[in-house]
Amino acid sequence: MTTLEFSYSINEHSKSLKPFALRLTKDADDANDLLQETMLKAYTNRDKFSDGTNLRAWLYTIMKNTFFTRYQRMMRRATFVDTTDNLHYINSGDISIENRAQSKFAMDDINFCINHLNADYRTPFMMYFKGFKYQEIAEDLNLPIGTVKNRIHLARKILKDNLKVYKTN
């Protein structure tokens, strides 16, 4: 079969492929895209078509395989792998909404506990939290470095005890 005859034949069969594409995609624009991609694949792979076989069945097979490949690619993009012990595949959606109320309550509780620390503990703890080194805190507060370390340790211990509700196992 010549290239011209092949082009004419697949063009004639495209009319019968359109309803099949519509049944697969359930959307007119997607069906047109699928039909166009099928025709392109058929034309570029015309050397793989052997004379005497059913061209219409060959085109339907190309369309079906193209649809499945596109669907699988779409599902892979929307799926991430959970690496926990359960190893689930979970579809992630763009419509998920994060509720930050719980983290706001936690931050409010943390700030409340820090603000109610004794100033002797709160000041070195907050300086350490902001990134100061023990030596810098000791020099700034005119305290021995051991006292600074001890006060920061005690502040952390008090906060840990007061915030037990947020402990995770």
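Phe67 is buried, with a relative accessible area of 18%. The model is a predicted one. In this model Phe67 belongs to an aromatic cluster together with Phe68 and Tyr71.

**Aromatic cluster**

- Phe67 and Phe68 make a tilted aromatic pair, with 5.8 Å centre to centre and 55° between the planes.
- Phe67 and Tyr71 are four residues apart in helix 3 (residues 55-77), so about one helical turn separates them.

**Accessibility in the cluster**

- Phe67 counts as buried because its 18% is under the 20% cut-off.
- Phe68 is partly exposed, at 41% relative accessibility.
- Tyr71 is likewise partly exposed, with a relative accessibility of 42%.

**Charge over a ring**

- Arg46 lies over the face of Tyr43, and the distance to the ring centre is 4.5 Å.

- Ser7 is a residue of helix 1, which covers residues 3-25.
- The relative accessibility of Ser7 is 25%, so Ser7 counts as partly exposed.
- Ser7 and Met39 are 32 residues apart along the chain, and their C-alpha atoms are separated by 9.3 Å.

Notes:
Residues are numbered from 1 along each chain as its sequence is written. This is a predicted model: local features need pLDDT of at least 70, side-chain atom pairs count only at pLDDT 80 or more; totals for chains, interfaces and linings use all residues. Side-chain values use heavy atoms; hydrogens and water are left out. Helices (H or I, at least four residues) and strands (E, at least two) are DSSP runs, numbered from the N terminus. Buried means under 20% relative accessible area, exposed over 50%, partly exposed in between (1.4 Å probe, protein chains only). Rings of Phe, Tyr and Trp (its six-membered ring) pair if their centres lie within 6.5 Å; planes under 30 degrees apart count as stacked, over 60 as edge-to-face and the rest as tilted. A charge sits over a ring if NZ of Lys or CZ of Arg is within 6 Å of the ring centre and within 35 degrees of the ring normal.
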